[in-house]
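Please read this short report with the structure open beside it.

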Amino acid sequence: MKAETDDILLAVEHVSLSFGGVRAISDVSFDIRRGEIRAIIGPNGAGKTSMLNVVNGFYHPQKGAIRWRGRARARMKPYEAAAQGIARTFQNVALFKGMTTLDNIMTGRNLRMKRNLFWQALRRGPALDEEIANRRVCEEIIDFLEIEHIRKTPVGALPYGLQKRVELGRALAMEPELLLLDEPMAGMNREEKEDMSRFIVEANRYRGATIALIEHDIGVVMDLSDRVVVLDYGRKIADDVPDKVKSDGKVIGAYLGVSH
Amino acid sequence: MATGGESPEAEDTFAKLLRAHATLRGTRPAFRHKDLGLWQTWTWAEVYDETRAIAQGLIGLGLKRGATIAIVGANRPRLYWSITAAQMIGAVPVPVYADAVADEIAAVLDHSEATIIVAQDQEQVDKILSVRDRLPRLAHLLYDEPRGLNEYAERGLAALAAIAAIGRAALADPAVARDLDRLIDGGRGSDPSVILYTSGTTGRSKGVVLSGERSIGAARCTVAFDRLTDQDEALAYLPLAWVGDHYLNYAQGYVAGFCIACPESAETAANDLREIGPTYHFAPPRAFEALLTRVQIRMEDSGAVKRWLYRAFMDVAGRWGEKIANGEPVPLNARMAYRLGDLLIYAPLKNALGLSRVRVAYTAGEAIGADLFAFYRSIGLNLKQLYGQTEAFLFVTAQTDRAVRSDAVGPPAPNVELRIADSGEVQFKSPGMFVGYFREDDKTRETMTDDGYVKTGDAGFFDPDGQLKIIDRAKDVGRLSGGQLFAPKYIENKLKFFPEIREAVAIGDGRDFVAAMINIELASVANWAERQAIAYASYQELAANPRVYAMIEKRVDAVNRALSLEPVMAGAQIRRFLILPKELDPDDGELTRTQKVRRGVIAERYASLIVGLNSGASEASISAEITYEDGRKGKLEATVRIVDLPPYPPARAPRPPARKANAA
């Protein structure tokens with residue numbers, strides 16, 4: 001389900017970001033098309049996570065602009081980005097450790113809950129109906145991610161690979177238009193990576209999420225993604241389909257440390 | 001809809017049974033399945049309706065009377081209904097083990113000659129598609145769970161739901177519905193009802209053909225035996241293709257009309273058990289053991305008061321629980337202490353394990369430790385043992401509620417004729433007895449005796465109170481030179497129930513007496529040695545320690561005493577033993593990868609020790625090559641002491657007969 005070229009969901013235009021004197025991103029432009037899996041790769045410190053933080057409104061770039069659904073986006077907070085349909089997962093899992101898997105995923109539905117505190121406190125009538133409808137969505141996600149057995153387990157007690165899965169579940173619960181995944185497979189073994197790859201592909205194809213992901217496992221990136229943008233020292237050094245990127249001299253140089 | 005309406009007591013096929021329940025108890029729950037976190041329930045009337053739709057759909061695919069259809073997957077309602085749907089048409093369902101690898105599945109599917117396969121999900125579909133070239137007959141592959149299968153464009157692949165929808169649409173025509181009714185009516189009890197493949201632990205798996213009337217007849221016997229009714233409920237979590245599941249859940253459920261609950265997934269089964277709270281339950285010994293370990297670990301982690309209460313009342317339960325359960329006289333204060341313990345510990349514990357509503361529980365499949373068995377009995381769980389076989393359609397023996405022991409499997413089940421052949425082999429005739437092996441008449445003839453008994457391949461004997469004891473595979477049972485029965489595994493298992501003994505090898509076939517080579521369990525003996533302030537530097541040194549020898553001697557002596565109480569086994573007491581200087585290891589080929597002793601290899605490697613055991617020598621030497629974990633070879637040189645033990649005189653008076661009044 002490749003998207004058409006003109007259907008651009010998000011465009012990053014000449015973005016630069018610095019922290020004090022440190023240039024994290026300099027003059028980077030790329031776009032994310034509706035329906036694609038877009039990978040952002042690069043060596044450590046290349047500015048990948050910073051880039052993701054810019055996209056979801058956590059950082060505001062000093063220069064350049066973000067166009068979201070074709071319109072230039074004003075300075076915004078992450079929760080505003082979330083309200084507009086951008087969900088994300090984090091490099092170092094950011095879940096509520098004391099809450100169960102189900103409750104964590106339910107928090108992803110928070111933005112979809114329309115009833116106010118009064119109704120929710122009453123636990124009757126419209127708030128209850130809403131809760132049931134949202135629970136159903138969460139249960140479908142639990143079924144999709146094959147985590148029924150840990151539905152009622154506090155996530156703090158779960159192994160890392162499963163926590164990553166729960167975090168993906170919470171992001172999916174938002175039914176996002178754009179899903180940002182920061183190293184979804186870090187620290188996983190081969191089998192866990194295969195499972196996670198399958199979930200990412202299926203989330204993209206059948207749940208209709210456009211996905212931008214950062215990942216270090218180049219094999220996985222090349223298999224999963226439709227297009228890859230490569231950053232090095234905050235600059236874009238390549239942006240193409242996986243096959244082209246793989247054979248790009250600059251990319252090989254950046255990864256192998258060859259001077260160029 | 002239903003033309004029947006007769007009572008289920010008269011029906012001779014599962015399709016007719018289902019129809020009768022739909023009329024008689026149409027609104028009672030028949031199946032449950034946890035889906036999306038909620039228990040979904042179908043009544044008997046709904047199940048009948050769904051099953052008819054699937055049956056009509058299968059007719060549309062060309063399934064005919066006598067043809068086979070394979071079912072591959074876990075316990076899910078629609079897979080059970082597919083079984084009944086096939087039976088409605090007179091076709092023969094063949095449930096296949098879902099965890100089998102592609103190669104094994106291909107062999108069974110090919111042998112079964114199935115043209116239609118109902119698979120659970122993408123995993124099973126992928127597996128079957130990967131061996132499709134070996135299944136020339138396969139025309140239709142149906143799946144229950146559509147997830148991940150949307151983009152498959154394989155020939156003959158379709159969703160079971162879609163096929164059922166076509167069937168349902170066709171059934172809207174009264175003429176079609178009447179034709180289906182006629183097919184159900186035309187089903188004969190003597191026709192093959194199902195083919196269950198044996199798990200194949202002893203050779204290639206064989207397809208056991210069972211007929212409807214015999215299957216239902218056997219289930220009726222045990223339903224009456226355990227007083228199962230439509231108020232009962234069971235969690236169907238055992239492999240769908242295993243005779244245990246097909247009997248305990250499917251056949252008994254359809255006969256008694258009780259509710260069959262399917263877990264959400266294999267991983268959630270323990271939790272689903274708690275939510276459903278079944279009244280009828282089966283689990284293999286290792287499952288009960290795992291549960292107990294979990295309880296013990298949790299208790300170790302709990303607070304001091306709880307721990308004290310647990311210990312105090314488990315002590316009460318240990319002393320009186322089994323006696324109360326067996327209806328023996330118990331003093332009033334013990335009864336009151338037990339009642340209090342039930343309130344504080346036993347009932348909450350059973351509740352936490354999901355066992356509080358269980359009326360009847362069975363275990364079978366392997367020897368169960370006496371302590372383990374006593375634990376569950378003592379907290380008031382009606383846990384019993386049975387012995388069965390696929391060829392018998394499960395039940396050969398079963399313990400009655402009031403005569404339960406851990407070391408025997410009970411008297412013959414209702415209407416089962418049981419005998420011990422001269423060779424020591426257990427042979428039976430039972431109501432559920434199989435018709436034959438599918439496409440293997442020679443094997444059928446090998447298994448049947450001339451007078452129509454089935455050979456189990458197991459050796460056993462009857463205890464004085466009439467309970468059967470299984471001792472070993474018949475081919476492994478030998479005799480001493482004096483003619484006494486020698487069952488190595490029986491003796492070895494008795495030794496291995498002691499935590500200090502990891503492995504044991506009994507030698508005696510064709511010899512004057514029984515000798516044993518024992519492997520100590522390093523973890524528990526090391527722990528014991530530490531508390532005894534015994535210093536040692538290696539496994540070999542610990543194994544040769546005189547105090548370790550003395551401790552093991554006591555264990556062997558206890559086994560001898562137990563053997564002396566059993567008239568059949570009293571001649572096979574252990575007269576000499578030694579402790580092996582190294583652990584038996586699969587890397588050295590002494591054990592299989594599944595930790596079973598390889599007698600041939602051991603006889604060869606330890607020949608010098610065996611010679612020593614059989615002579616009068618007080619020690620023997622060994623020199624053997626050993627393989628370290630990293631593949632390096634080393635040499636083992638050791639001299640080990642051999643200990644002589646005086647035998648107990650065989651018990652003359654048989655143990656007091658069990659309370660016959662309570663026996664069925």
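Strand β6 of chain A covers residues 86–89. In this predicted model, A:I86 and A:R88 point one way from β6(A). A:A87 and A:T89 point the other way. Are these residues buried or exposed? All of them are buried.

β6(A) has a partner, strand β7 of chain A, residues 178–182. The two strands run parallel, and four bridges join them. One residue from the description above returns here: A:T89 has A:L181 in β7(A) as its bridge partner.

Now to chain B. Four of its strands form an open sheet. In what order do they stand? The order is β16-β17-β19-β20, and the pairing is antiparallel. β16 (417–420) and β20 (468–473) of chain B are the edge strands. Each of these two pairs on one side only. From one strand to the next, the twist averages 50°.

Within this sheet, β19(B) spans residues 454–462 and runs antiparallel to β20(B). Five bridges join the two. At one point along them, B:D458 stands opposite B:R473 in β20(B).

| Strand pair | Direction | Bridges |
|---|---|---|
| β6(A) and β7(A) | parallel | four bridges |
| β19(B) and β20(B) | antiparallel | five bridges |

Chain B is divided into domain 1 (8–281), domain 2 (282–474) and domain 3 (478–644). How far apart are the C-alpha centres of domain 2 and domain 3 of chain B? They lie 29 Å apart. The contact between these domains takes eight residues from domain 2 of chain B and eight residues from domain 3 of chain B. On the domain 2 side, β19 and β20 of chain B each supply at least two residues. That side of domain 2 divides into five nonpolar residues, two polar and one charged.

The last topic is the contact between the chains. Ten residues of chain A are in contact with eight residues of chain B. Which helices supply the side of chain A that touches chain B? α5 (125–144) and α7 (190–206) of chain A each give at least two residues. The largest share, five residues, comes from α5(A). What kinds of residue make up this side of chain A? Seven are charged, two are nonpolar and one is polar.

How values were computed:
Residues are numbered from 1 along each chain as its sequence is written. Chains are lettered from A and ligands numbered from 1 in the order in which they are written. This is a predicted model: local features need pLDDT of at least 70, side-chain atom pairs count only at pLDDT 80 or more; totals for chains, interfaces and linings use all residues. Two residues are in contact if their C-beta atoms, placed from the backbone, lie within 7 Å. Ala, Val, Leu, Ile, Met, Phe, Trp, Tyr, Cys and Pro count as nonpolar, Asp, Glu, Lys and Arg as charged, and the others, Gly among them, as polar. A residue is buried if 20 or more other C-beta atoms lie within 10 Å of its own, exposed if 12 or fewer, and partly exposed in between; C-beta atoms are placed from the backbone. Two strands pair if DSSP finds at least two bridges between them. Axes are lines fitted to C-alpha atoms, for helices over the stretch in contact, and angles run from 0 to 180 degrees between N-to-C directions. Domain bounds come from an automatic or database domain assignment.
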